[in-house]
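I opened the model to look up a few things and kept notes as I went.

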Amino acid sequence: MFRLTLRQTEGFLASLKQSLALDPQGPGVRGELGTLEAFADNLAAARVAFAQAIEHRPDDYVALTGLGLVELKSGNTDEAVDRLLAAS
């Protein structure tokens, strides 16, 4: 099973944030940022990153699925189902 260490996660997060600083409209970067934030159990930050990704590209499968899983993990079942269905 693949697991990220805290140091790896922090390094990846820093790299993605640098990418966003250089190109705020960078395709897919916000979704990947949300994924790493979710892996690091930073659910509020993950939710923001996924929501921003969806704002820029409403059909972003990674962001919709990720946000659905974050909502599920947060206990927001109805919102989770809505996001997951939108991703399908």
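I am working from a predicted model, where local features need pLDDT of at least 70, side-chain atom pairs count only at pLDDT 80 or more, and totals for chains, interfaces and linings use all residues. Residues are numbered from 1 along each chain as its sequence is written, and side-chain values use heavy atoms, with hydrogens and water left out.

**Salt bridges**

How many salt bridges does the structure hold? I find 5. The criterion is a side-chain nitrogen of Lys or Arg within 4 Å of a carboxyl oxygen of Asp or Glu. Side chains of opposite charge can pair when their charged atoms come close.

I looked up Glu37 and Lys17, whose side chains form a salt bridge at 3.9 Å, N to O. Glu37 sits in helix α2 (residues 29-39) and Lys17 in helix α1 (residues 6-22), so this pair ties together parts that are 20 residues apart in sequence. I take helices as DSSP runs (H or I, at least four residues), numbered from the N terminus.

Next I checked burial for this pair. I call a residue buried under 20% relative accessible area, exposed over 50%, and partly exposed in between (1.4 Å probe, protein chains only). Glu37 is buried, at 7% relative accessible area. Lys17 is partly exposed, at 46%.

Asp59 and Arg57 form another salt bridge, with the closest N and O atoms 3.5 Å apart. Asp59 is exposed at 58% relative accessibility. Arg57 counts as partly exposed at 40%.

The pair Arg83 and Glu79 also forms a salt bridge, and here the closest N and O atoms are 3.0 Å apart. Both residues belong to helix α5 (residues 77-87) and are 4 residues apart, about one turn of the helix. Arg83 is partly exposed, with 26% relative accessible area. Glu79 is partly exposed too, at 32%.

**Helix α3**

I checked the length of α3 (residues 43-56). The helix has 14 residues and reaches 20 Å from its first C-alpha to its last, close to the 20 Å expected at 1.5 Å a residue. The expected span is 1.5 Å times one less than the number of residues.

Which residues of α3 are buried? I list Leu43, Ala46, Ala49, Phe50, Ala53 and Ile54. Seen down the axis of α3, they fall within an arc of 135°, so they line one face of the helix. I take that arc from the directions from the helix axis to the C-beta atoms. On the other side of α3, Ala44 and Glu55 are exposed.

What do the buried residues of α3 pack against? I find α2, α4 and α5. Contact here means heavy atoms within 4.5 Å.

**Helix α4**

The 13 residues of α4 should span 18 Å at 1.5 Å a residue, and the end C-alpha atoms are 18 Å apart, which agrees. Among the buried residues of α4 I note Ala63, Leu64, Leu67 and Val70. Thr65 and Glu71 are also on the buried list for α4, as are Gly66 and Gly68. The cover over these buried residues includes α2, α3 and α5.

**Surface patch**

I then looked for nonpolar surface. Leu69, Leu72 and Leu84 form a nonpolar patch, with about 250 Å² of accessible area together. Patch members have over 30% relative accessible area and no salt bridge; nonpolar side chains (Val, Leu, Ile, Met, Phe, Trp, Tyr) are joined within 5 Å, like charges within 9 Å. Areas come from the Shrake-Rupley method with a 1.4 Å probe; for residues, only the protein chains shown count as cover. I place Leu72 in helix α4 (residues 61-73). Leu72 is partly exposed, at 46% relative accessibility.

**Loops and distances**

I noted the backbone at Asp41, which has a positive phi of about 65° although it is not a glycine. Asp41 lies in the loop between α2 and α3. Asp41 is partly exposed, at 47% relative accessibility.

Gly75 is in the loop between α4 and α5. I find Gly75 exposed, at 53% relative accessible area. From Gly75 to Ala46 is 15 Å between C-alpha atoms, and the two are 29 residues apart along the chain.

Last, I looked up Ala14 in helix α1. Ala14 is partly exposed, at 40% relative accessibility. Ala14 and Leu33 are 19 residues apart in sequence and 9.5 Å apart in space, C-alpha to C-alpha.

Methods:
Helix = DSSP H or I, 4+ residues; strand = E, 2+ residues; numbered from the N terminus.
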